[in-house]
Amino acid sequence: MKLRLPVISMAVAILSGLALLYLAFFPSSANAHLRALLLGWAASLGGIALFIGILNLLIVHVDKLSEGGRGAANSGVLVAAAMLTFILALAFGPNFEYGTGEAYQIQPTNWLFRYIQFPIETSLMAVLAVSLIYAAARLLRRRPNAFSIIFLATVLFILLGNSLVGSGEFGVISTGVTSLRDWITQVPAAAGARGLLIGVALGTIATGLRILMGTDRPYGG
Amino acid sequence: MADVRCPMCSKPNPDDRDECQHCGARLTPLRLNLPPREPAPEPPPSPEPSAPRNDPGDWLRSLRGGDDDISIHGEEDFPDWLRESPAPNTTPDAPPAPTSATGDWLSQMRGEQASPASLDADDDSWLGAEETTEAQAPSFDDFNLADTRVSPSLQAEPAPDAFPDWLTELGPTDPPAAAEADPAPMDFDPAPQTEPIPQGDLPDWLNDPGQMGSLTLKGTDSAPLDFDQPLELEPIPQGDLPDWLTGFAGEEPPAPPETAPPAAETPDWLASLTPASTGQEDETDRLAPAASPPAAADLPDWLTGLQQPAPSAPDATAQKAGELPDWLSGLSTGMAGEPAAPQPAETGLPDWLASPAAATPPATEPAPDAAMPDWLASFASEVEAAPPTTPDAMPDWLDDPHAPAETPASVAAQPPASEPTGSMPDWLMELHQQTPNLGGQAGFKVEVPGWDFNAPAATEDEQESQPDALDWMPGRASLAQGLLGSDPAPQEPDLAPGDLPDWLKAMRPIEATSPGSMGSPEFEGGKAERAGPLAGLRGLLSAEPTVTQAGKPPAYVIKLQITEAQQSNALTLRKMVEAETERQPVRKAALLSEQRVLRWIIVGALFVAILFPYIWPGWLTGLPRVTAESSRSDDMVTALTEDAPVLLIMDYQPGTSAEVEAAASPVLDHVMLRGARLTLVSTSPIGPALGERFLAVIEGHHTTYRTGVTYMNLGYIPGGIAGLLNFASFPQAALLVGYDDVPLWQLINPAGADPWGQPPLQGVTSLSDFQMTLLLTDDPDTARNWIEQVEPHLRELSLVIVTSAQAAPLIRPYFEAEQVAALVTGLPGGAAYEGSLGREHIARAYWDSFGVGMLAAILLILGASTYNLYVVWDERETERKGRRT
């Protein structure tokens with residue numbers, strides 16, 4: 001049994017991949033049902049995996065809460081918030097709102113998101129702006145080389161094109177800066193992006209072939 | 001119960017045992033059951049003594065009378081009792097002759113006894129006529145000394161006339177059956193025999209005291225031999241003895257002592273050896289060799305050499321009480337050098353068992369005694385002529401193991417033995433010649449290495465002069481040849497101990513000749529073995545383990561000796577290890593550190609820049625120009641029909657929602673202005689919530705948009721890329737329940753919550769039914785997934801992506817590949833779209849603060865970088881100047 005499980009897992013993975021590959025290259029009404037079935041299974045498994053991940057997170061924090069010690073309070077807040085949101089969404093629906101008319105409508109679930117989660121994430125992103133400017137300002141202090149200068153110059157030109165200078169208020173300068181910004185974003189940046197995308201695509205193809213051939217078994221076994 | 005000591009192992013045993021319980025030796029002597037004594041036959045005429053052969057083995061082979069071509073010394077040479085012994089080939093009834101040399105003559109003699117018809121009164125076969133068969137032939141085990149029990153074959157009841165009378169009288173008169181049932185052990189102190197053997201039963205050669213010696217057997221016809229009685233031998237007529245025996249004839253045996261020896265249990269021949277017995281002189285005299293030598297013409301040639309002049313009277317001092325007889329003492333002549341042993345009378349042991357005495361050996365031969373046969377006396381005289389040794393000296397094989405071993409020097413110090421005369425046989429002569437180091441003793445003498453463990457170690461000189469360990473077997477090659485009867489081969493000179501022949505020396509490698517050739521000092525020199533068969537050899541393994549050898553153990557220096565450099569390195573290493581565990585003091589950061597100041601400056605500048613338009617509201621900046629990719633989105637939205645289904649994908653994060661929503665708000669506003677029905681989906685779990693929030697912001701401008709009426713939120717698409725493909729292929733099957741306000745328990749009946757039946761999704765069965773797909777994302781991978789999986793199922797050139805400035809470079813190739821119809825990038829794109837739309841939304845509100853803030857960031861970065869460059873340059877200059885100085 002110990003030896004059979006890896007073999008079964010590999011056989012299922014290879015057969016499923018080959019089937020989907022065939023269905024992708026040769027779609028027809030005859031095999032549409034099979035394709036829907038396999039894709040439905042994959043989507044369902046993805047949803048169940050998300051649910052298991054959330055459940056595992058809760059278990060970990062519950063253990064930390066039960067053990068006590070440092071960080072137990074944070075774990076308690078997390079568990080409470082998760083349970084509250086879950087119960088509210090199950091009980092009232094995710095888009096529940098009550099109130100009529102144009103008056104203030106209370107949407108419990110949306111309220112939690114809108115006034116707690118959303119501000120927290122946006123605030124963290126706002127601090128990132130200050131950190132990036134500070135890092136850029138000290139870049140030459142840490143790495144005083146040509147590449148750092150080139151990088152900073154590029155950043156300044158892009159920022160300049162998006163700033164008031166690129167708004168066209170400064171005539172030729174604005175035109176020149178805007179053109180430079182467009183050229184940087186469309187030529188060097190796009191070229192680099194294309195290379196990255198091609199590399200990603202090739203890696204995806206190689207990974208798929210390895211899985212289909214059974215040499216790579218990320219599913220274990 | 002008195003204990004009986006075993007004669008072999010000297011351990012006590014119960015009195016009622018016949019055999020020793022430790023070693024198995026017999027405790028009681030074994031009594032032979034001999035047939036009644038028969039009248040002694042007439043002595044046959046003595047044959048003419050033939051010339052002794054030069055072959056030493058002839059006498060033995062002649063006795064055998066086997067298939068050898070060596071003829072017997074003529075029929076007339078042997079007495080009748082020996083002549084009538086049937087040859088193995090002549091007597092069919094006789095048992096086949098054994099192959100062994102010694103067995104032929106013995107079995108032959110037994111074969112004679114097997115035919116009683118050949119025996120008569122005149123038969124003086126002294127072995128009796130026991131009919132033996134091949135199966136009954138005694139084997140060597142029968143004569144095993146450890147088992148003195150007589151074999152059944154020998155104990156069988158002999159024929160009435162099987163044994164001569166004189167031999168019969170030697171044994172007990174008990175029937176053989178009784179003896180066989182309980183064979184009597186060999187009795188070393190037998191009971192005195194009351195019935196001596198009648199004289200007439202003895203063969204003539206035993207009755208002739210003149211020829212044989214002084215043994216006289218007395219006894220009645222039917223009486224067994226009385227060992228306690230002095231043996232009285234009557235001289236055998238001259239003609240009755242064979243030639244080979246006539247040579248042994250010595251002097252007239254002395255008259256037997258008149259007085260009978262005291263009634264002791266030991267036989268006379270043994271009693272003479274005991275120190276406590278009386279009349280020891282008589283016994284000694286009796287055991288002295290024969291006095292008169294036989295006539296030269298009567299003896300065979302090989303025996304003539306053994307003839308010795310009449311031995312002189314034994315030295316009184318040597319033959320004193322407790323001393324060994326001459327014939328026995330002569331065996332130990334070569335082993336002189338033993339320390340003086342205590343007198344036997346002092347130790348209580350017989351002379352021959354006592355330690356070798358220090359008394360000087362007799363210088364001359366002892367006087368022949370009537371008790372010793374001439375043939376034995378002649379040998380004794382030769383032995384006595386050897387270097388003197390004490391009569392009490394025991395042979396070395398009986399020596400005390402703790403006595404000091406004999407050294408070659410002591411052997412060499414012995415007076416040389418007198419050369420024997422030509423009376424010795426040749427084979428014996430050669431043996432004598434080849435043993436010069438033994439003092440010229442006869443070949444009977446066997447040198448045994450002295451296994452003296454307590455003796456002081458010999459010096460190196462003595463060790464080197466010691467002979468080889470196998471020197472005690474000299475002339476073994478010639479001795480073997482003599483026994484076999486072949487001509488002695490020319491003897492090669494004995495190799496000196498340790499000497500190699502020349503031809504072998506030439507082959508020896510050079511390293512072997514140099515010191516240390518063996519590669520180990522223990523093979524050179526070293527301590528030579530002093531005892532045992534390997535005496536004299538060097539480089540041997542110790543017999544005793546090192547742990548048992550007594551000695552002071554070597555003193556080892558425990559103190560570790562290290563150098564100063566090692567000590568300093570160890571100290572440094574120790575400091576390093578200790579430093580790791582030490583707590584380093586945490587330096588408190590200065591309140592006005594450079595880093596803190598810079599951060600505060602940045603925050604302040606950004607705050608000022610963001611708040612500037614609100615502080616100075618009259619100062620506005622112009623919106624950016626519309627780009628090509630953003631102008632196409634305007635055209636596409638403009639081309640939407642009223643109530644067109646539009647798929648709105650909300651795949652961005654709350655952190656980047658400010659930029660994405662600022663860029664997407666004019667587009668979505670434009671779409672909502674066109675009256676399109678929106679369908680919200682997302683591959684992010686919080687996407688539906690973001691969509692709801694975004695629409696709530698936009699709805700402020702459009703009050704007609706309601707969920708379930710003008711837009712439908714389908715919620716989260718699980719499964720990642722597979723879910724996208726599933727949604728793209730089977731959208732109605734992929735999303736059965738929307739992001740609505742239906743509780744969980746109402747979802748049991750999915751039909752009631754089917755979103756695809758709602759008005760926003762009417763007429764939409766696949767994604768191609770959507771006139772436009774608006775993707776809002778900040779991640780280039782998400783955009784790529786939608787493009788790769790879903791775009792093929794969309795209507796052609798209906799995908800519009802609104803993205804942040806950070807993902808735009810990675811999505812632009814898809815735009816240029818015309819997989820993406822329009823692309824709106826970040827706040828500038830949204831601001832430009834708003835400018836073209838003519839409706840101000842979030843982008844316009846953010847644009848002034850964004851511009852000023854961007855400018856502030858540029859200035860900050862530029863300034864700080866410049867300052868840092870200067871600092872770095874200054875440090876390098878200082879360092880360079882420092883190097884120069």
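In chain B, residues 24 or more positions apart make up 75% of the contacts with a separation of 6 or more. The model is predicted.

Reader: What share of the residues of chain B counts as buried?

Author: Of its 885 residues, 46% count as buried. A residue is buried if 20 or more other C-beta atoms lie within 10 Å of its own.

Reader: How many helices and strands does chain B have?

Author: Chain B has 32 helices and eight strands.

Reader: How do I read a nonpolar core?

Author: Start with the general idea. In soluble globular proteins, nonpolar side chains tend to be buried together. Now the case here. The largest nonpolar core holds 105 residues. Those that touch the most other members are Leu774(B), Leu775(B), Val800(B), Val802(B), Ile811(B) and Val820(B). Helix 32 of chain B supplies the largest share of this core, 14 residues.

Reader: Which residues does Leu774(B) touch?

Author: Leave out residues up to four places away in sequence. Leu774(B) then touches Val646(B), Leu647(B), Leu648(B), Ile649(B), Val667(B), Val671(B), Val800(B) and Val802(B).

Reader: How do I read the contact between the chains?

Author: Count the residues on each side. Here, 59 residues of chain B are in contact with 54 residues of chain A. Several helices of chain B each supply at least two residues of the side that touches chain A, among them helix 23 (594–615), helix 25 (657–673) and helix 32 (842–884).

Reader: Which helix of chain B gives the most to that side?

Author: Helix 32 of chain B, with 15 residues.

Reader: What is the make-up of that side by class?

Author: The side of chain B that touches chain A has 36 nonpolar, 16 polar and seven charged residues.

How values were computed. Residues numbered from 1 in each chain as written. Chains lettered and ligands numbered in written order. Predicted model: local features only at pLDDT ≥ 70, side-chain atom pairs only at ≥ 80, totals over all residues. Contact = placed C-beta atoms within 7 Å. Helix = DSSP H or I, 4+ residues; strand = E, 2+ residues; numbered from the N terminus. Nonpolar A, V, L, I, M, F, W, Y, C, P; charged D, E, K, R; others polar. Core = buried A, V, L, I, M, F, W, Y, C linked by C-beta atoms within 7 Å. Buried ≥ 20, exposed ≤ 12 C-beta atoms within 10 Å, placed from the backbone.
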